[in-house]
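Please consult the sequence and the structure below alongside the text.

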Amino acid sequence: MLEKYRKYIDKIDNDIANLLNKRKELTQQIMDYKLNNLLPINNINRENEIINQLINNFHNLNPSLIKKIFNAIFNDSKSENVLKESFQTINEYLTIRPLIIAGPCTVESKLQINNIANDIAQIGIKFLRGGCFKPRTCANSFQGLEDEGVHFLYDAARKNKMYTVSEILDLQQYIRNEEYIDIIQIGSRNMTSYGLLKSIGKATAKTNKYVLLKRGMSATINEFIAAADYILQAGNPNVILCLRGIRTFEQIDSTFRFTPDLSGILELKEKTKLPILFDPSHSTGSNKYVKSISKAALELGADGLMLEVHNSPQDAIVDSNQAIHPTELKEIV
Ligand code: PEP
Ligand code: MN
């Protein structure tokens with residue numbers, strides 16, 4: 001008699017283990033999908049839903065037993081993956097201070113951006129910048145790799161568990177590349193393109209995608225804040241301000257490309273609650289000053305930095321004078 005019952009029990013245990021095995025295979029696929037798509041591994045709501053449904057469906061089982069068993073199953077399916085999840089959601093990374101965005105002035109090739117992404121990811125950088133639509137003074141200067149460059153940037157970033165930052169010059173560029181640019185940059189030259197600010201504000205208000213707005217090189221602080229307001233009023237609260245140097249009479253004979261507007265950090269902090277970044281690369285125009293200006297900006301309370309980094313600075317197609325090597329970035333970090 002006892003033997004007969006034991007055989008049944010053995011069969012049931014076998015079935016349970018078999019089902020657990022199948023369940024684990026399925027959850028592994030879900031975890032891989034989440035990791036590849038930068039989705040959070042933990043989903044407490046979903047876990048609670050499963051447990052509540054089981055409690056409702058199996059009245060004769062003790063609810064605390066169901067909870068205990070399924071929490072153990074959930075933890076088992078997540079355990080290795082939580083370790084693998086060495087990157088988090090963009091919002092989590094955006095709370096890190098100092099917030100550092102780094103990468104080349106422009107994406108030049110798949111190899112170039114992959115090499116740079118790889119080097120700076122090892123320093124712990126989570127945001128990879130790279131211009132693909134370049135606002136060049138001369139129409140016959142290199143204009144960027146456009147959509148193809150955005151794809152290179154995105155692939156290089158995701159391979160290294162980073163998010164992308166890239167400038168767009170018009171709404172169509174944004175629409176075509178929305179999926180691949182995590183933080184949309186509006187550059188200095190477009191700070192007063194009010195039509196662009198309005199349309200990007202409206203387009204990003206649907207998803208609250210972050211917009212990084214750079215100060216116009218001849219804009220006052222209040223004009224800068226007023227420009228950010230166009231995006232805020234369109235319904236997107238996620239604006240990051242970036243000071244990048246202004247034109248003053250120093251440019252008549254100083255070696256600085258612009259005058260680093262460090263005082264702007266203090267004033268913006270009083271006048272707005274938006275995150276404030278400082279760009280030591282464009283504001284100085286020279287890699288030999290990048291480190292000291294970075295330090296000064298952070299001392300003054302900037303929330304972070306946006307730096308131009310190249311694996312072979314002297315060969316950079318655009319802005320080679322101000323590009324620093326990843327080893328210099330490492331020192332700054
Ligand atoms: C840039 O960051 O790539 C850039 C062009 O900067 P800015 O708009 O400040 O000149
Ligand atoms: Mn540049």
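**Manganese site**

The manganese ion (ligand 2) is coordinated by C105 (SG), H282 (NE2), E308 (OE) and D319 (OD), at 2.0 to 2.4 Å. Donors are N, O and S atoms within 2.8 Å of the metal (3.2 Å for Na, K and Ca), and sites may look incomplete because water is not among the atoms. The model is predicted: local features need pLDDT of at least 70, side-chain atom pairs count only at pLDDT 80 or more, and totals for chains, interfaces and linings use all residues. Residues are numbered from 1 along each chain as its sequence is written, chains are lettered from A and ligands numbered from 1 in the order in which they are written, and side-chain values use heavy atoms, with hydrogens and water left out.

- Along the sequence, the donor residues follow the spacing C-x176-H-x25-E-x10-D.
- Distant parts of the chain are linked by C105, in the loop between β1 (99-103) and α5, and E308, in strand β8 (residues 304-308), which lie 203 residues apart.
- Helices (H or I, at least four residues) and strands (E, at least two) are DSSP runs, numbered from the N terminus.
- C105 is buried at a relative accessible area of 6%, and E308 is buried at 2%.
- Buried means under 20% relative accessible area, exposed over 50%, and partly exposed in between (1.4 Å probe, protein chains only).

**Helix pair α5 and α6**

- The axes of α5 (residues 110-121) and α6 (residues 146-159) come within 9 Å and cross at roughly 30°; axes are lines fitted to C-alpha atoms, for helices over the stretch in contact, with angles from 0 to 180 degrees between N-to-C directions.
- The two helices are therefore roughly parallel to each other, a term for angles under 35 degrees.
- From α5, the contact (heavy atoms within 4.5 Å) involves K110, I113, N114 and A117, and from α6 it involves F152, L153, D155, A156 and K159.

- G103 lies in strand β1 and is buried, with 0% relative accessibility.
- Beyond residues up to four places away in sequence, G103 touches I116, I120, L128, R129, L307, E308 and V309.

- T204 belongs to helix α8 (residues 194-205) and is buried, with a relative accessible area of 0%.
- Apart from neighbours within four places in sequence, T204 contacts Y174, K209, V211 and N236.

Terms used
Angles under 35 degrees count as roughly parallel, over 145 as roughly antiparallel, 65 to 115 as roughly perpendicular and the rest as oblique.
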